[in-house]
Amino acid sequence: MRRALVVLGGCAPGAAFLRKMAAESDFLLCADSGLDAAIAADVRPDAVIGDFDSARPESIAYMERENLPHIVYPAIKDDTDGMACARYLLERRPEEVVFVGAGGGRIDHWMANFQLLIYLEKNGIRARAEQEDMTAWAVHDRLTVRGTPGQLLSVLQMTEELQLSLSGLFYPLDHCDVEFGHPLGVSNVLTEPEAQIAVHKGWALVLHFHPPA
């Protein structure tokens with residue numbers, strides 16, 4: 001499996017965007033109410049995971065009627081539905097996992113889903129989160145971000161120790177030891193079609209803000 005797409009239960013992606021992302025993926029996995037978004041976009045999941053405390057009853061009925069492979073977890077559990085999806089995919093070893101629907105009204109959901117990127121990367125699977133105007137990665141080595149000069153790019157600290165080099169950006173860095181708690185990398189700007197991020201120590205969250213494709 002080359003790429004798995006995970007539809008999380010946050011703010012539902014637009015139907016056209018979800019169809020595009022699904023067409024570029026080999027496997028579509030929905031987390032709980034992510035099933036609602038898939039049905040609304042008229043894309044068929046390959047599997048569904050969750051405690052189903054938020055998916056619409058009609059979506060659950062569709063899942064059962066269509067005999068979609070699914071795993072039901074108890075509502076009282078240690079893992080989020082997104083983490084359950086990450087563990088499921090870790091067993092199947094796709095080359096890359098892309099999350100959509102990772103955001104929403106609660107900042108803790110965003111932060112929890114960004115941690116899923118680290119979990120998969122630590123286990124040898126490339127991972128990113130996508131929404132129509134933003135792409136996010138958890139980086140512990142090197143990343144090239146392609147875009148248009150003038151677009152915003154933020155590099156945020158995910159570990160106490162972080163050493164960064166940045167190029168192709170308005171504010172470059174060269175083996176900079178970032179002080180923990182200092183949001184040094186917020187709102188940088190691309191000056192070249194490619195920005196280079198090198199993380200020499202620790203983990204960084206890279207967010208590229210771009211117009212919808």
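Helices (H or I, at least four residues) and strands (E, at least two) are DSSP runs, numbered from the N terminus.

Before going further, please note that this is a predicted model, where local features need pLDDT of at least 70, side-chain atom pairs count only at pLDDT 80 or more, and totals for chains, interfaces and linings use all residues. Residues are numbered from 1 along each chain as its sequence is written, and side-chain values use heavy atoms, with hydrogens and water left out.

**The chain as a whole**

The chain has five helices and 14 strands. Its C-alpha atoms fill a box of roughly 55 × 35 × 30 Å along the principal axes. For 213 residues, a compact globule would have a radius of gyration near 17 Å, and the 18 Å of the chain agrees with that. This radius is taken over C-alpha atoms, and the globule rule is 2.2 Å times the number of residues to the power 0.38. Of the 213 residues, 49% count as buried, meaning under 20% relative accessible area, while exposed is over 50% and partly exposed lies in between (1.4 Å probe, protein chains only).

Two strands pair if DSSP finds at least two bridges between them.

Another open sheet has four strands in the order β8-β13-β10-β11, with antiparallel pairing. Its edges are β8 (142-146) and β11 (173-177); each has a single partner strand, so one side of each is left without a neighbour in the sheet. Neighbouring strands of this sheet are turned by 15° against each other on average, direction ignored.

Here are some antiparallel strand pairs to look for:

| Strand | Partner strand | Bridges |
|---|---|---|
| β9 (residues 152-157) | β12 | three bridges |
| β9 | β14 (residues 204-209) | five bridges |
| β8 | β13 (residues 194-201) | five bridges |

Within these pairs, L153 stands opposite N188 in β12, and V155 stands opposite G185 in β12. The bridge partner of S154 is L207 in β14, and that of R142 is A198 in β13.

**Some side chains and a loop**

The charged end of R92 sits over the ring of Y88, 3.5 Å from its centre. For this, NZ of Lys or CZ of Arg must be within 6 Å of the ring centre and within 35 degrees of the ring normal.

Is N67 buried or exposed? N67 is exposed, with a relative accessible area of 65%. This residue lies in the loop between α3 (57-65) and β4. N67 and A47 are 20 residues apart in sequence and 9.8 Å apart in space, C-alpha to C-alpha.

Notes: Axes are lines fitted to C-alpha atoms, for helices over the stretch in contact, and angles run from 0 to 180 degrees between N-to-C directions.
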